[in-house]
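Dear colleague,

I am passing on the structure that we talked about, followed by notes on what was found in it. Please read the notes with the structure open beside them.

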Amino acid sequence: MDHQLVGLMETAPKPGGDVPHKKNKLQSKRKKPRRYWEEEETSPTAAGASPGPSRSKKRKQELRPRRPKNTHIQKKSRISKKPQVPRKSGERRNLVPQRTLSGAQDPFPGPAPVPVEAALKFRRIDKSKKLLHSKSKTRSRLEVADAEEEETSVRAARSELLLAEEPGFLEGDDGEDTAKIRQADIVEAVDIASAAKHFDLNLRQFGPYRLNYSRTGRHLAFGGRRGHVAALDWVTKKLMCEINVIEAVRDIRFLHSEALLSVAQNRWLHIYDNQGIELHCIRRCDRITRLEFLPFHFLLATASETGFLTYLDVSVGKIVTALNARAGRLDVMTQNPYNAVIHLGHSNGTVSLWSPAVKEPLAKILCHRGGVRAVAVDSTGTYMATSGLDHQLKIFDLRGMFQPLSARTLPQGAGHLAFSQRGLLAAGMGDVVNIWAGQGKGSPPSLEQPYLTHRLSGHVHGLQFCPFEDVLGVGHNGGITSMLVPGAAEPNFDGLENNPYRSRKQRQEWEVKALLEKVPAELICLDPRALAEVDVVTLEQEKKERIERLGYDPEAKAPFQPKPKQKGRSSTASLVKRKRKVMDKEHRDKVRQSLEQQQHDQEKKTKPTGTRPSALDRFVR
């Protein structure tokens, strides 16, 4: 019995014998699992003996990113100890191939390269023009501006990939003329949403009509000769307001947003809101025939029967200037979207260009042998189309000497012209609308063969292409017609500038921003790029006048720099005092020399050689 107890005691486990020590227990808890980037250490004995952890635990361990052992991550200092060398834009940083969570390497590290042609399209700084004698501070500023502009162009080229929309086009079969394709055929071929944009408003009772689209292309306003005024969201066909002013309406224009509407009535100019409530009646603008709104300057330009071109600042409600064109009745007017210059057509066949900063026309172009009937300028400000009583339709280049590029004789002559955002030209001739297309945006339209043709139920009285939509709005005697013109508009819009889907809050914020960025009326000129350049001729003329006024050139000699002295005698006040003393002395010497030179020259003029002095010499000036 005792031997059995002794055997049991020998075989029984000791208390705390197999239980690990508390220190070893903590170390086992602190033991960190292997990371996904560490190599697996597998021994043949362990691999064959133990089945290993379950799949779920292994997956959790792999997805948990942890730092390997015996590694120390140093905190990056904001102030670098090494001098930073500016890296060129063309050089790519030698990046270490990064690993993903799955352990795979990125085969294309770093940002994607941008083609040079795509980036050059967004460049605005001309590197060919360099300052010959520029200071180091000016040179450094120019280098910084150049680097920022280059980075901006690369970003713009990268973001261009996000513009998924492409311009539409109309292409016929082999040998088919696209001008013979009717609007009904186009409506049947396009989708339901695009087909809903073609409609006719039968309003014969109050016609003929003038129309205008808002800058976002979402709203349409039209006014009839017999007083009918209406505004609607033409996409959803929701009517905003409809009134009858019981007076002839000659023209209608949206202001900076669709909330305000300007109407040129028979006597005065009236301002309405989008509910049809009259806000202002401007009696200083009377007998208005045409209206144009300059969105970046907040100016409403009006042409009247009396021959006056008036600029009204709608942000403050004051008339900026009233210019007398001295050419009789003004009923042909348009604006250049590129430089905000107003183009006026006159009865003597000329087109004059006006700016509110100058009382005389900036330029006069002789376009036709008879009176000018219509004028239009494309969105780039490069080409101008005119039509006259001589039945001629001409395209002019506004970049050089205003020479005509092409001309075409029309059977009836065009009474109304309009350019689209992509350079298509529409002309209204009686009850027919012809559209000509070019090679694309920035190229003149080809007048040889029309792109589209459409016949209306009445004579054309107004034309305008809808922004960001392949739609042409036509106002005529029978009402309003919305035509489908594939490839007319820009497919992508800037959501921060002209957003058709903006809310009321976004519109209010945009108005505040637009008012802060308002361009003064004095900056309107033919070439806006000249505003960023130095007027060398005027600068030299002012320098010459200054030299004549002072009698010497103050910039001919370098300014005096006093040497520093010891024992506290080089204070700022003493240095300025010594500079002024030397400057005053040099100034007195130069003035004395100039006076002596003037007296010497005057003596030579008053006392000619070979004559005896006379008592009357004192009266000679």
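Helices (H or I, at least four residues) and strands (E, at least two) are DSSP runs, numbered from the N terminus. In that sense, Phe298 sits in the loop that runs between β10 (288–294) and β11 (299–304).

Please keep in mind that this is a predicted model, in which local features need pLDDT of at least 70 and side-chain atom pairs count only at pLDDT 80 or more, while totals for chains, interfaces and linings use all residues. Residues are numbered from 1 along each chain as its sequence is written, and side-chain values use heavy atoms, with hydrogens and water left out.

The chain as a whole

The chain holds 11 helices and 28 strands. Of its 621 residues, 35% count as buried, where buried means under 20% relative accessible area, exposed means over 50%, and partly exposed lies in between (1.4 Å probe, protein chains only). The chain exposes about 42400 Å², of which carbon and sulfur atoms supply 52%; accessible areas come from the Shrake-Rupley method with a 1.4 Å probe, and for residues only the protein chains shown count as cover. Among the contacts (heavy atoms within 4.5 Å) with a separation of 6 or more, 46% are between residues 24 or more positions apart.

Nonpolar cores

A nonpolar core is here a set of buried Ala, Val, Leu, Ile, Met, Phe, Trp, Tyr and Cys residues joined through side-chain atoms within 4.5 Å. The largest one has 32 residues, and those with the most contacts inside it are Val433, Ile435, Leu472 and Val485. At least two residues of this core come from each of β2 (209–213), β3 (219–224), β4 (228–233), β24 (432–436), β26 (460–465), β27 (471–476) and β28 (479–484). Another core, of 28 residues, lies apart from it and includes Leu294, Ala340, Val375 and Leu398. Returning to Leu472, its contacts include Tyr213, Ala426, Val433, Leu463 and Met483, where residues up to four places away in sequence are not counted.

Over residues 365–399 the chain is 0% helix and 57% strand, with the end C-alpha atoms 13 Å apart.

Four strands form an open sheet in the order β18-β19-β20-β21, with antiparallel pairing; two strands pair if DSSP finds at least two bridges between them. The edges are β18 (372–377) and β21 (404–409), each of which has a single partner strand, so one side of each is left without a neighbour in the sheet. Within the sheet, β19 (residues 383–388) and β20 (residues 392–397) run antiparallel and are joined by five bridges, and Thr386 has Lys394 in β20 as its bridge partner. The loop between β19 and β20 contains His391, whose phi is near 65 degrees, a positive value in a residue other than glycine. His391 counts as partly exposed, at 30% relative accessibility.

Strand β7 and its two partners

Five of the six residues of strand β7 (residues 260–265) are buried, so β7 is largely enclosed by the rest of the structure. Strand β6 (residues 249–254) runs antiparallel to β7 and is joined to β7 by five bridges, with Asp251 standing opposite Ala264 in β7; a hairpin joins β6 to β7 through five residues. β7 also pairs in the antiparallel sense with strand β8 (residues 268–273), over five bridges, and these two strands form a hairpin with two residues between them. The bridge partner of Leu260 in β8 is Asp273.

Loop positions to look at

Gly317, in the loop between β12 (308–313) and β13 (318–324), is exposed, with a relative accessible area of 56%. Between Gly317 and His280 there are 37 residues in sequence and 9.6 Å in space, taken C-alpha to C-alpha. Finally, a cis peptide bond with omega about -5 degrees joins Gly207 and Pro208, and Pro208 has its place in the loop between β1 (199–202) and β2.

With best wishes
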